[in-house]
Amino acid sequence: MTLQLLAFYFFAFFAVLGALMVISLRNPVHAVLSLVLTFFSIACIWMLMEAEFLALALIVVYVGAVMVLFLFVVMMLDIRVATAREGFIRHLPVGIGVAAIMLAEMVALIGVRAMRVAPPPDPAAVAGESNVAWIGRALYTQYLLPFEVAALILTVGIVAAVALTLRHRSGVRHQDVSRQVAASATGRVRLVSMPAERGDGGAKP
Amino acid sequence: MTADFLLLLWTLAKVLAVTIPVVLAVAMFVYWERKVIGWMHVRMGPNQIGPLGLLQAFADVVKLLLKEIVVPTNASRFLFFMAPLMALVPALAAWAVVPFSTGLVLSNINAGVLYLLAMTSMGVYGIILAGWASNSRYALLGAMRSAAQVVSYELAMGLALVCVLVLAGSLNLSRIVEAQGGGLLHWFWLPLLPMAVIYFTAGVAETNRAPFDVAEGESEIVAGFHVEYSGSAFALFFLAEYANMILVSFLASIFFFGGWLSPFPAHWGVIGQGSFFWLLAKAFVLAFLFLWFRATFPRYRYDQIMRLGWKIFIPIGLVWVLVAGLLKYLHIITPGA
């Protein structure tokens, strides 16, 4: 058993453990953190397979941003655990059905992969380049159009999400920053020149 | 098998060779901060323990280690103790890809910039968890503020890094430094001047330092996310914050100020050669800025922080990605000239 295999079992153990905890823990914050653990373990496994870009992108996007927002929302919401647990039996048949289909799909995938002859070597490694540079070139030349279309769809999604939650409330006092910055003393302060007092200045009570 | 384990031990030794100096640098940096801020306030700063007060930081460490750690009632114990570790580990792990000189780097990986982004984005978990696990309103408010702020400024930081890697043509930090070869005017601060400012400012915001320290906000929410922490658990947060500050200083020097390269022409003898000491000097100047900011600027208001991040830094960043692309496309900037 090599160190690499040991590391794989180590990461895989935590990935599976995390996944189990996501669906079994009662506290939603703990469940979100377990999901983070799963993502991180999967990223480590990908790193082990030298898929650096995918592994780091998973951490940057999912662990670093998406799950932080998840956590944010879960902490703010007062989720009632009891009501969330209701209907467990009622939803069980659907859940089992989905799980069975997914299992069949995974087994089919493993079967197909096993039947295939040895996978071709990593083209990036053959060309003596890092796979990050290779992915970048492929995305921005060969697959430029699908890539841009995906970016556009995401942008539309963002705009739609903002538009859905945007409310114009009347009577809100907004700060107009450009007005604040443009403010100058001349319009607001009047300097009055007064003659200095003479004589017994300061002697009066 | 044994060869594997020897490699593992050798790697661990190298990790310690980076981590221990970083921790010592944090100790000296804390001392330096107190001194500098003292001088700016026309005070002496620490001067009692050791010559010139140099041992003050170590005395503080001993004090913090001996203090009792109080766990708040109904706090989530496991997460309460995990949170400081979650803050510290990414802060130290990021040093793995920092090149100190030619070839002097723990892990010379090709996706170095991505790795850095991944590690710095993990650091926010420590703060959020600390805020949540403490079972305290002030701590939770601080955590919420910090989470929103860090996620926002990460975008600006990422855009600044995109500009750097467009010009350098690589994600490898050593290659980014080499791409800036050719003297002071070839460093990326000149073509990317707005991004250098944005990167460093976003770095100040990411580390929750003044004037962006609303996560602590002593005047409003006592001490924010770490209000319930004491003793060695607090010391870990402290360590993480200062390690992050030093890290941001090093990274800004590497990305925009030529890393270990010398600002003088190569024929100037020893000072014309690139060395670790140049990197150290640049990082020291930038780290000093952190302290200077703290003694100079009042704290930003929270909505102003968000406005600065989203409405000013990100649009400038988007435009400058285009500018960097044009500079590269028109061969105005050629890496490693």
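Is A:Ala51 buried, exposed or partly exposed, and how many other C-beta atoms lie within 10 Å? The first legend answers this. All views show a predicted model.

**Figure 1. A:Ala51 in its loop in chain A.** A:Ala51 sits in the loop between α2 (28-48) and α3 (52-76) of chain A. A:Ala51 is partly exposed, because 18 other C-beta atoms lie within 10 Å, and a buried residue needs 20 or more. A:Val132 is 81 residues away along the chain. Even so, the C-alpha atoms of A:Ala51 and A:Val132 are separated by 8.6 Å.

**Figure 2. Helices and domains of chain A.** Chain A contains 9 helices and 0 strands. Its pattern along the sequence reads α-α-α-α-α-α-α-α-α. The domain assignment places domain 1 at 7-86, domain 2 at 90-117 and domain 3 at 121-164. Between the C-alpha centres of domain 2 and domain 3 of chain A the distance is 29 Å. Chain A has 205 residues, and 13% of them count as buried. Take the contacts in chain A between residues at least 6 apart in sequence: 49% of these join residues at least 24 apart.

**Figure 3. Confidence in the two chains.** The model has an ipTM of 0.79 and a pTM of 0.83. In chain A the average pLDDT is 82, and 88% of the residues score at least 70. Among the elements of chain A, helix α4 (residues 81-85) has the lowest mean pLDDT, 60. Helix α8 (residues 144-165) of chain A has the highest, 92. Where pLDDT is low, predicted coordinates should not be read in detail. Chain B averages 84, with 99% of the residues at 70 or above. Confidence in chain B is lowest in helix α9 (residues 218-221), at a mean of 72. It is highest in helix α8 (residues 193-206) of chain B, at 90.

**Figure 4. The contact between chain A and chain B.** Chain B gives 19 residues to the contact and chain A gives 18 residues. On the side of chain B that touches chain A, the elements giving two or more residues are α1 (2-40), α4 (112-122), α5 (124-133) and α6 (137-168) of chain B. The largest share of this side, 6 residues, belongs to α4(B). Sorted by class, the side of chain B that touches chain A holds 15 nonpolar, 2 polar and 2 charged residues.

Figure 5. How does the span of α6(B) compare with what 1.5 Å a residue should give? The two agree: the 32 residues of α6(B) should span 46 Å, and its end C-alpha atoms are 46 Å apart. Just after α6(B), B:Gly169 takes a positive phi of about 70°. The largest nonpolar core has 127 residues. B:Ala160, B:Val164 and B:Tyr199 touch the most other members of this core. Leaving aside neighbours within four places in sequence, B:Ala160 is in contact with B:Met195, B:Ile198, B:Tyr199, B:Ala202 and B:Gly317.

**Figure 6. Helix α11(B) and its packing partners.** Helix α11 (residues 276-296) of chain B has 21 residues, which should span 30 Å at 1.5 Å a residue. Its end C-alpha atoms are 30 Å apart, in agreement. Buried residues of α11(B) include B:Trp278, B:Leu279, B:Lys282, B:Ala283, B:Leu286, B:Ala287, B:Phe290 and B:Leu291. In an α-helix there are 3.6 residues a turn, so residues three or four places apart point the same way. The buried residues of α11(B) pack against α1, α8 and α10 (231-256) of chain B.

**Figure 7. Positive phi at B:Val42 and B:Asn208.** Most residues other than glycine have a negative phi. B:Val42 has a positive phi, near 55°. B:Val42 lies in the loop between α1 and α2 (56-66) of chain B. B:Asn208 also has a positive phi near 55°, and its place is the loop between α8 and α9 of chain B. Which of the two is buried, and which exposed? B:Val42 is exposed, because 6 other C-beta atoms lie within 10 Å. B:Asn208 counts as buried, because it has 25 C-beta neighbours inside 10 Å.

Note on methods. Residues are numbered from 1 along each chain as its sequence is written. Chains are lettered from A and ligands numbered from 1 in the order in which they are written. This is a predicted model: local features need pLDDT of at least 70, side-chain atom pairs count only at pLDDT 80 or more; totals for chains, interfaces and linings use all residues. Helices (H or I, at least four residues) and strands (E, at least two) are DSSP runs, numbered from the N terminus. A residue is buried if 20 or more other C-beta atoms lie within 10 Å of its own, exposed if 12 or fewer, and partly exposed in between; C-beta atoms are placed from the backbone. Two residues are in contact if their C-beta atoms, placed from the backbone, lie within 7 Å. Ala, Val, Leu, Ile, Met, Phe, Trp, Tyr, Cys and Pro count as nonpolar, Asp, Glu, Lys and Arg as charged, and the others, Gly among them, as polar. Domain bounds come from an automatic or database domain assignment. The expected span of a helix is 1.5 Å times one less than its number of residues. A nonpolar core is a set of buried Ala, Val, Leu, Ile, Met, Phe, Trp, Tyr and Cys residues joined through C-beta atoms within 7 Å. pLDDT is the predictor's confidence in each residue, from 0 to 100.
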